[in-house]
Amino acid sequence: MTEFLAGAESGVLYGALALYFAAAALYFLFAVAKGEKMGRLGWKAAVAAFALQTLCLAARGVRAGHLPFTSQYEFALSFAWGIALCFLIFERRFEMPVLGAFVCPLCFLIIGYAAMQSREVRELMPALQSRWLAFHVSTAIVSYGAFGVAFAVALAMLFGGKLTGRRANEEKMDLLIYRAIALGFLFLTLCIVTGAIWAKRAWGTYWNWDPKETWSLITWIIYAVFLHLRLSKGFGGRKAAVFAVVGFACVIFTYIGVNTLLTGLHSYA
Amino acid sequence: MVPEKKHPGRRLLAFLSGMRFSIVLLALIIAGCAAGSVIPQGNPQALTGMFGSVGAAVLTSLALDRVFTAPWFTACAVLLCLNLVLCSVLRFPAVLRRCRRLTDPKRIPRAESASFSIEGNGQRLDLKALGARKTRAWTDEEGKTWQGAASHAAGFWGSWLCHLGILLVIVGFAAGQHLSREWVVYGIPGSEQPIGDSGCTLRIDDFQVDLREDFTVRQYEASLTVKKGQESVAGKASVNHPMSAFGMDLYQDSTGWANWVDIEENGEKVKTDLICAGEYTWPEDAPQLVFLLNKFYPDFVSEGGELYSRTPLLENPRSLYSVFYQDRMLTMNVAEMNKPVQVERYAFTLYDPVQYTLIVARRDPTAWLVGLAALVLLAGLLLAFYVRPQEIWTDGQTLYARTEKAPALLEASLRTKMRRAGVLKEGEKKDD
């Protein structure tokens with residue numbers, strides 16, 4: 001059974017990878033050539049990729065005996081899943097298929113990163129055996145996913161015209177960046193709060209200035225400044241897009257940079 | 001007319017409550033946090049190792065080796081609190097006025113103040129058909145009848161609550177740094193010790209390490225009894241499941257190995273001691289002779305110059321020890337259990353290795369405040385992002401709407417409602 005699940009997990013992982021690549025290509029063709037059919041096919045490919053990725057995570061969870069959140073490989077898969085989920089919701093809500101040309105490559109890259117990590121299944125250490133694991137990491141996934149969508153929209157706003165040869169609806173993109181960051185910020189706050197509660201249960205203090213905690217706070221502050229400027233001064237347009245790119249760079253450093261370059265209490269992966 | 005000069009006090013107040021000031025403070029805090037995550041904190045040896053003695057001296061002079069308690073970092077936090085108080089908390093009356101103005105039944109909105117307007121298709125527009133719960137009617141100077149509705153005034157409180165929440169988090173955290181207490185107690189099953197100056201004692205009744213088949217740890221569990229005067233509380237502490245007693249939380253923090261050691265002088269036992277890895281003992285009449293237990297290996301293996309333990313089981317227990325005389329190391333070696341280590345007329349015999357547990361006891365009277373602050377902050381975020389104070393009014397033909405938050409989204413929502421009610425003017429295109 002374990003071998004079957006391992007094989008199934010690998011199979012759907014590479015299937016999802018291929019479908020995200022196909023979706024990215026189809027969306028790009030849609031953006032460049034204005035082919036509506038390409039846009040619809042890209043959507044179907046993205047949905048299929050998301051479905052396969054969900055199956056991959058489910059298989060991983062069954063094989064590991066716990067939620068697939070606890071290693072670099074598992075979180076990378078979940079991160080890409082979060083981006084795809086937010087993309088599918090926002091794309092339908094805002095009816096902006098051109099985003100697929102920027103989001104799907106991002107999902108492809110992150111799943112590609114996941115595929116390069118060790119897939120060894122490890123039992124949970126005592127510090128990770130808590131119900132708060134589900135709350136804390138799932139809020140991080142949604143948060144990072146929303147920030148990933150905002151990043152992709154920002155790229156589309158900054159470079160979309162040059163790449164696709166047609167000027168995208170900047171006003172709509174600006175609104176989408178704000179809504180995605182607002183959603184991400186809410187969930188990042190929840191992530192930090194649930195993490196603090198869990199830290200209190202596990203280690204006795206809710207804040208240790210651990211590198212992961214510190215960089216989450218840095219990311220939170222950057223997005224807080226963006227939202228503050230947006231809500232009070234109407235900050236938007238290309239400057240806001242640059243902010244979204246910088247914020248996502250912090251997200252990536254918090255996720256990958258801290259794990260690989262800095263050691264602390266969060267060094268589980 | 002000569003412009004009136006602002007009073008210096010007012011100018012200072014405006015500066016301290018301004019957004020630019022808060023952004024400068026936040027930028028400094030971000031820089032401090034980034035530095036603190038990279039530069040070793042409170043570890044002079046690691047600091048010198050990473051940056052050299054000159055670099056370490058420079059960083060120390062800037063307090064970058066202890067960023068999070070540095071005076072400049074604390075000053076930024078204090079000024080940020082001041083900024084939050086001035087720019088938000090003191091604006092409570094203004095926020096209250098905005099709420100009351102929105103829902104004031106006597107206020108007549110003007111078409112010129114609308115964020116946008118949407119044409120109907122000639123059928124009479126009724127706000128109740130568009131989902132408005134509470135409507136009011138008035139007649140203007142020209143005798144035209146209007147219908148209006150205002151809702152979601154709670155959204156005005158979003159930003160205010162966010163700032164209040166952040167302020168309370170900072171205050172609660174700072175208070176916790178001064179008011180919270182922490183004590184460390186470690187020992188083997190059967191030992192009893194005071195918990196610092198807490199007025200309580202801790203007895204370790206039992207300590208178990210639950211191992212899996214692959215020798216990874218499933219859980220650490222300590223059975224404890226905390227005594228205060230005549231009262232006592234018994235319980236268990238494991239990772240993620242602390243024990244509570246007498247206002248303290250007791251956490252299973254870490255574990256290690258301890259060795260019993262007999263010291264003999266010329267064949268006669270003179271001392272028995274229990275030392276943990278990293279601790280030392282000495283003969284009472286020769287305190288300059290120190291026996292240090294460096295490390296304990298429950299299942300000792302020596303391969304290619306590397307010393308390690310193959311499993312956590314007591315299959316081949318050995319201890320790495322060092323002997324010092326007047327702070328000079330005489331010898332370092334690995335000792336078997338029950339085999340004496342001879343140093344001049346003294347013999348040190350290690351035996352009966354036992355696992356000890358390290359319990360951290362904490363008392364934090366401000367944790368509840370920080371928790372409350374987090375709830376306030378989350379409530380503020382939900383109100384700020386998802387509750388949109390809005391006002392809609394119509395003369396029966398055209399719908400006017402006013403909101404300060406994302407008018408494009410409100411417009412899209414109202415167009416959809418009008419379309420469903422069959423009152424939207426034909427020819428309205430969907431957005432690209």
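Over all chains of this predicted model, the count comes to 27 salt bridges, where a salt bridge is a side-chain nitrogen of Lys or Arg within 4 Å of a carboxyl oxygen of Asp or Glu. Side chains of opposite charge can pair when their charged atoms come close. Here are two examples.

| Salt bridge | N to O distance |
|---|---|
| A:E9 and A:R63 | 3.1 Å |
| A:K200 and B:D249 | 3.9 Å |

A:E9 sits in helix α1 (residues 2-33) of chain A and A:R63 in helix α2 (residues 36-64) of chain A, so this pair ties together parts that are 54 residues apart in sequence. Helices here are DSSP runs (H or I, at least four residues), numbered from the N terminus.

Residues are numbered from 1 along each chain as its sequence is written, and chains are lettered from A in the order in which they are written. In this predicted model, local features need pLDDT of at least 70 and side-chain atom pairs count only at pLDDT 80 or more, while totals for chains, interfaces and linings use all residues; side-chain values use heavy atoms, with hydrogens and water left out.

Now to the interface. There, 49 residues of chain A are in contact (heavy atoms within 4.5 Å) with 44 residues of chain B. Together the two chains bury about 4,000 Å², 68% of it on carbon and sulfur atoms; buried area is the accessible area (1.4 Å probe) that two parts lose on being put together, summed over both. A:P126, A:Y206 and A:W209 supply 16% of the area that chain A buries against chain B, more than any other three residues.

Between chain A and chain B the count is 2 salt bridges. Helices α3 (72-94), α6 (170-203) and α7 (211-233) of chain A each supply at least two residues of the side that touches chain B, and α6(A) gives the most, with 16 residues.

Within chain A, the axes of α6(A) and helix α8 (residues 237-261) come within 10 Å and cross at roughly 35 degrees. These axes are lines fitted to C-alpha atoms over the stretch in contact, with angles running from 0 to 180 degrees between N-to-C directions. Residues making this contact include A:I177 and A:I181 of α6(A) and A:A240 and A:A244 of α8(A).
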